[in-house]
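Have a look at it first, and then read on.

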Amino acid sequence: MATTTEEAAAQATDAVHPMLPGTDASGSAVGMPQLVFETFPNQIFWLLVTLVVIYLVLSRIALPRIGGVLAERAGTISNDLATAEELKLKAKAAEATYTRALADAKTEAGKIVAAAKAEIQADLDVATAHADAEIAAKTAESEGRIGEIRAGALEAVNTVARDTAAEIVATFGGRADAGAIDAAVAERIKG
Amino acid sequence: MATEEAAGGLAFHPMDQFLVRPLFGGTEINWYTPTNVTLWMGLTVLAIVLVLVVGSRGRAIVPSRMQSIAELTFGMVHKMLEDITGKEGLKYFPYVMTLFCFIVFANFIGLIPTSFSTTSHIAVTAVLAMLVFLGVTILGFVKNGAHFLGLFWVSSAPLPLRPVLAVIEVISYFVRPVSHSIRLAGNVMAGHAVIKVFAGFAAIAAIAPVSILAITAMYGLEVLVALIQAYVFTILTCVYLKDALHPGH
């Protein structure tokens, strides 16, 4: 009796809340919901709708746009690279010009230095020659004066020696004639 | 599943997340009924539009983050298709891109907690795989005529071996859609179910920390799987397309 009531109750519940395909009375899945074939037409239908929508969105809007952006970017990059190459060549040309200018300036500077050096050398030579001449003149003059002084000194020595000799001879009581004394002194001084 | 509910108040319903339910009540599921399948596929479309259309709206030479994602996706699939099928395969780029975008976005959206994974259903992946299989087969015959059958006749093998190889090649050709679809649905479903099982264990306080760590680890793995399975599905599509365009080994 009890069982029939339960069954009846269960049937009543079923009638009011029919079960979802693939579930038991508690609403849990029985086995794999993947294998409940009642749901297949529904899934396949909505999948096809989804795929068609995705295909239309992609092929009409997204893919041409992204492809265009990528192509544009590739174009921009290759353009920029070409420009960079051109600028590089220009920079190289500028560098060559600069190097040439630098070399020219260096040569020019060398020439100026050489000219200045030559001028200075010439001035120096003239000044040196002038100084040499002056020095030679001064030396000659000094030598003349020294010779004079030496000659004077020699004369003085002779006179002093003769006088001294005459005085000494006189002191010893001798008489000496001037000629003998002169000869003796001259001999001694020479010796 | 009700039998497992018994011990210690543990309730394991790892498969409940895959149930197809009508969105607006009721239990009848007709082919046109708006269900959670409709909702999550719609969200997938929305996500694709957001990333690929709204994200690339700027058309900037120096891309924004969103545009970078769109461009990377575009570039990856485009390069894959060109590398495998050559220049003549690029005609089919929108189709391949549609497949890749649907699978990758559906996989990632399916990773949102309490969401519904559309790609975990064999009905969905089987349709995707059959579309590829039928498309490639028809394309092969249209492009090459009977010469397409050369795909099964391995002319580089010794003559006595060729009939045997032909049988193997035919079998492997027809197994393609099966493996193609079950691989994707199986990976997604298994990962999600395992996470749910770990979550069920979290009801026991002593195990909860381990359980949460395990869920975190599985989730990380699932993120990888979501991308890798979409990649694998797409690359296999490209390989099959190559067979249709250039049959013969």
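The report below goes from the overall form of one chain to the contact between two chains, and ends with one residue.

**Chain A as a whole**

Please keep in mind that this is a predicted model. Chain A contains 3 helices and 0 strands, and reading along its sequence gives the pattern α-α-α. Its radius of gyration is 69 Å, whereas the globule rule gives 16 Å for 191 residues; the value is well over that, so chain A is more spread out than a compact globule. The C-alpha trace tells you about its extent along the principal axes, with spans of about 205 × 50 × 20 Å. As for burial, 15% of the 191 residues of chain A count as buried.

**Where chain A meets chain B**

How do the two chains touch? On one side there are 45 residues of chain A, and these are in contact with 53 residues of chain B. The size of an interface is often given as the accessible area lost when the parts come together.

| Item, chain A and chain B | Value |
|---|---|
| Area buried between the chains | about 4,300 Å² |
| Share of that area from carbon and sulfur atoms | 74% |
| Share of chain A's buried area from A:Gln34, A:Gln43 and A:Arg65 | 15% |
| Salt bridges across the interface | 1 |
| Residue pairs in polar contact (both at pLDDT 80 or more) | 16 |

The trio of A:Gln34, A:Gln43 and A:Arg65 supplies more of the area that chain A buries against chain B than any other three residues. Which residues form the salt bridge? The partners are B:Glu71 and A:Arg73, whose closest N and O atoms are 2.8 Å apart. On the side of chain A that touches chain B, the residues divide into 27 nonpolar, 13 polar and 5 charged.

**A closer look at B:Asn36**

B:Asn36 lies in helix 1 of chain B, which covers residues 36–54. Is B:Asn36 buried or exposed? Its relative accessibility is 10%, and because the cut-off for buried is under 20%, B:Asn36 counts as buried. Its side chain reaches the backbone oxygen of B:Leu19 at 2.9 Å. Leaving aside neighbours within four places in sequence, B:Asn36 is in contact with B:Leu19, B:Val20, B:Arg21, B:Leu23 and B:Phe116.

Key:
Residues numbered from 1 in each chain as written. Chains lettered and ligands numbered in written order. Predicted model: local features only at pLDDT ≥ 70, side-chain atom pairs only at ≥ 80, totals over all residues. Heavy atoms only, no water. Contact = heavy atoms within 4.5 Å. Buried area = accessible area lost by both parts, 1.4 Å probe. Salt bridge = Lys/Arg side-chain N within 4 Å of Asp/Glu carboxyl O. Polar contact = N/O pair within 3.5 Å; in protein donor to acceptor, adjacent residues only side chain to side chain. Nonpolar A, V, L, I, M, F, W, Y, C, P; charged D, E, K, R; others polar. Helix = DSSP H or I, 4+ residues; strand = E, 2+ residues; numbered from the N terminus. Buried < 20%, exposed > 50% of the residue type's maximum accessible area, 1.4 Å probe, protein only. Rg over C-alpha atoms; globule rule 2.2 N^0.38 Å.
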